[in-house]
Amino acid sequence: MAIRKSITEDVYVGGAREQIKETVKTALEVSGFTHIQSFDQMDQITAKYRRFPYYGTIEISLLEESEGRTHLRIFVPAH
């Protein structure tokens, strides 16, 4: 089942960007996402999810908000 509308959500979490990046990659892997790619230059992580009947991709941008706080912009494009 495809998502018919793109979704963007902003989440703010405590912790340094590098620490949060590793936590996000681990969480995606444990959740069943595949083809997890980290683009360090853009501070972005992408992954694919394919489990019948669901499939899609996710893009997570990590933005350092302030000392010890990270802003995650989560984008799920429609298919």
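I count a salt bridge where a side-chain nitrogen of Lys or Arg lies within 4 Å of a carboxyl oxygen of Asp or Glu. The model is predicted: local features need pLDDT of at least 70, side-chain atom pairs count only at pLDDT 80 or more, and totals for chains, interfaces and linings use all residues. Residues are numbered from 1 along each chain as its sequence is written, and side-chain values use heavy atoms, with hydrogens and water left out.

**Entry: salt bridges**

I found six in the structure. I looked up Lys21 and Asp43: their closest N and O atoms are 3.1 Å apart. Lys21 sits in helix H1 and Asp43 in the loop between S2 and S3, 22 residues apart. (Helices, H or I of at least four residues, and strands, E of at least two, are DSSP runs numbered from the N terminus.) Both residues are buried (under 20% relative accessible area; exposed is over 50%, partly exposed in between; 1.4 Å probe, protein chains only). Lys21 has 2% and Asp43 14%.

Asp43 also bridges to Arg17, at 3.4 Å between the closest N and O atoms. Arg17 is partly exposed at 23%. Lys21 also meets Glu18, at 3.7 Å, N to O. These two lie three residues apart in H1, about one turn of the helix. I noted a network linking Arg17, Glu18, Lys21, Asp40 and Asp43.

**Entry: aromatic rings**

I searched the whole structure and got one aromatic pair. The ring centres of Phe33 and Tyr49 are 5.1 Å apart and the planes at 55°, so I log the pair as tilted (centres within 6.5 Å; under 30 degrees is stacked, over 60 edge-to-face, the rest tilted). Tyr49 is partly exposed at 24%.

Key:
Phe/Tyr/Trp six-rings, centres within 6.5 Å; stacked < 30°, edge-to-face > 60°.
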